[in-house]
Amino acid sequence: MTNNDKLTDAFHAALGGQEGSSFEHAEYGVTTGWDSMAHMQLISEIESAFDLMLNTDEVISLSSFARAKEILKAHGIDVQP
């Protein structure tokens, strides 16, 4: 399983959607179901999938799938499609 697959699975677990859904364009407040509760679930899913702990600034700034990739890259985790 690639890191992109892990991130997609984390988004799927937190936000739902049909199997095989793409989250490449997912954004907080725009994507159906991505509210504050789903956001915290997403944070938990990402932290568990990548065995890391995001800091407060990262939690707040994680507002899209693309931003999640940037945050993971800052932790030394490369997420390529």
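I count a residue as buried under 20% relative accessible area, as exposed over 50%, and as partly exposed in between, with a 1.4 Å probe and protein chains only. Helices here are DSSP runs of H or I with at least four residues, and strands are runs of E with at least two, numbered from the N terminus.

The model is predicted: local features need pLDDT of at least 70, side-chain atom pairs count only at pLDDT 80 or more, and totals for chains, interfaces and linings use all residues. Residues are numbered from 1 along each chain as its sequence is written, and side-chain values use heavy atoms, with hydrogens and water left out.

**Entry 1: helix α2**

I looked up the outward side of α2 and found the exposed residues Met37 and Ser48 on the face turned away from its buried side. I then listed the buried residues of α2: Ala38, His39, Leu42, Ile43, Ile46 and Phe50. They fall within an arc of 145° seen down the axis, so they line one face of the helix; the arc is taken from the directions from the helix axis to the C-beta atoms. These buried residues pack against α1, α3 and α4, where contact means heavy atoms within 4.5 Å.

I checked the length of α2. Its 15 residues reach 21 Å from first C-alpha to last, close to the expected 21 Å, which is 1.5 Å times one less than the number of residues.

At the start of α2, I noted a side-chain oxygen of Asp35 within 3.2 Å of the backbone nitrogen of Met37. After α2 comes Asp51, with a positive phi near 50°.

**Entry 2: helix α4**

I found Phe65, Ala68, Lys69, Ile71 and Leu72 buried in α4. Their arc around the axis is only 165°, which puts them on the same side of α4. I found Lys73 and Ala74 exposed on the other side. The buried residues of α4 pack against α1, α2 and α3. Just after α4, Gly76 has a positive phi of about 80°.

**Entry 3: salt bridges**

I looked for salt bridges (a side-chain nitrogen of Lys or Arg within 4 Å of a carboxyl oxygen of Asp or Glu) and the structure holds two.

One joins Lys69 and Glu24, with the closest N and O atoms 3.4 Å apart. Lys69 lies in α4 (residues 65-74) and Glu24 in the loop between α1 (3-15) and α2 (36-50), so the pair ties together parts that are 45 residues apart in sequence. I read Lys69 as buried at 17% relative accessible area and Glu24 as partly exposed at 35%.

Another joins Arg67 and Glu70, at 3.2 Å from N to O. Both lie in α4, three residues apart, about one turn of the helix. Arg67 is partly exposed at 27%, and Glu70 is partly exposed at 47%.

**Entry 4: Glu58**

I went to Glu58, in helix α3 (residues 56-61). Glu58 is buried yet has no salt bridge, and the nearest side chain of opposite charge, Arg67, is 6.5 Å away. For this, Lys and Arg count as positive and Asp and Glu as negative, while His and the chain ends are not counted.

What does the side chain of Glu58 join in a polar contact? I found His75, at 2.9 Å. A polar contact is a pair of N or O atoms within 3.5 Å; within protein, one must be able to donate a hydrogen and the other to accept it, and residues adjacent in sequence count only if both atoms are side-chain atoms. Not counting residues up to four places away in sequence, Glu58 touches Met53, Ile71 and His75.
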